[in-house]
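Subject: Aromatic pairs in the model

Hello,

Here is the structure I promised to pass on. Please open it and keep it beside you while you read my notes.

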Amino acid sequence: EVRLDGKRLFAGVIHDTTKRKENQEEKDRLLQHLNKRNLEITCLYRVNESIRTKEIISEILQDVAKLIRPACLYPEIARSRVRFDAEVFIDEPFVETEWRLGADIVVAGRKRGTVEVFYMEERPTLDEGPFLKEERDLINVIASALGETVERREAQAKVIHASKLASIGELAAGVGHEINNPVNGIMNCADILLKQFPAGSKNYQFAELVKSEAERI
């Protein structure tokens, strides 16, 4: 405020804040993007930990169904579902809507299931409906990891099963060998006895019975 010749005047400086606002908006956008990526990385880390620490596939799939939602752009209205073979794993309470994003779980070249995310309400159109490209990438990676995990576990199970069968075969061969040797001795002794007893005698019949039973063994 200035008074000059009895007049009351004001002097002021005007600053154009347009650029500053644009910079702040860009900063906020990048920060939001960074937070979103951190949520996705956390989701992938926890999925990997479930795969690493749990042996039962159904437990891993149930974990995945619960871990996806927090990594979505709108987690408060997101619901997820994992379907594998005849089993279904959901994030309670589950709602199936038209706003869906999904990826196939492929095992050894064959589709075995899907990883899906649904929004319960309509949202502004982004890269894929209300979903971001990063969300598509996230569930693709998760579906791929699940497929690889199942394929690896099933291959390991086949190897273990084959190993068990081989062990049983070796055991059977060993037992057979251990039984055959003494039984052959019994049969040889029975042949000697048959030559020593008169045909038709009770001792002869006993010797015949010993030989026939030994042959059956």
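F118 is buried, with a relative accessibility of 1%. The cut-off for buried is under 20%, so F118 qualifies. Keep in mind that this is a predicted model.

F94 is partly exposed. Its relative accessible area is 21%. That value falls in between the buried cut-off of under 20% and the exposed cut-off of over 50%.

Now the rings. A pair of aromatic rings is described by two things: the distance of the centres and the angle of the planes. How many aromatic pairs does the count come to? The count is three.

One of them is Y74 with Y119. This pair is edge-to-face, with 5.5 Å from centre to centre and 70 degrees between the planes. Y74 sits in the loop between α2 (57-67) and β3 (78-84), while Y119 belongs to strand β6 (residues 110-119). The pair therefore ties together parts that are 45 residues apart in sequence. Are these two residues buried or exposed? Both Y74 and Y119 are buried.

F94 and F118 also form an aromatic pair. Here the centres are 5.5 Å apart and the planes make 85 degrees, which is edge-to-face. F94 is in the loop between β4 (87-90) and β5 (99-107), and F118 is in strand β6. So this pair ties together parts that are 24 residues apart in sequence.

Together with Y119 and F131, Y74 forms one aromatic cluster. R123 lies over the face of Y74, 5.1 Å from the ring centre.

Best wishes

Key. Residues are numbered from 1 along each chain as its sequence is written. This is a predicted model: local features need pLDDT of at least 70, side-chain atom pairs count only at pLDDT 80 or more; totals for chains, interfaces and linings use all residues. Side-chain values use heavy atoms; hydrogens and water are left out. Rings of Phe, Tyr and Trp (its six-membered ring) pair if their centres lie within 6.5 Å; planes under 30 degrees apart count as stacked, over 60 as edge-to-face and the rest as tilted. Helices (H or I, at least four residues) and strands (E, at least two) are DSSP runs, numbered from the N terminus. Buried means under 20% relative accessible area, exposed over 50%, partly exposed in between (1.4 Å probe, protein chains only). A charge sits over a ring if NZ of Lys or CZ of Arg is within 6 Å of the ring centre and within 35 degrees of the ring normal.
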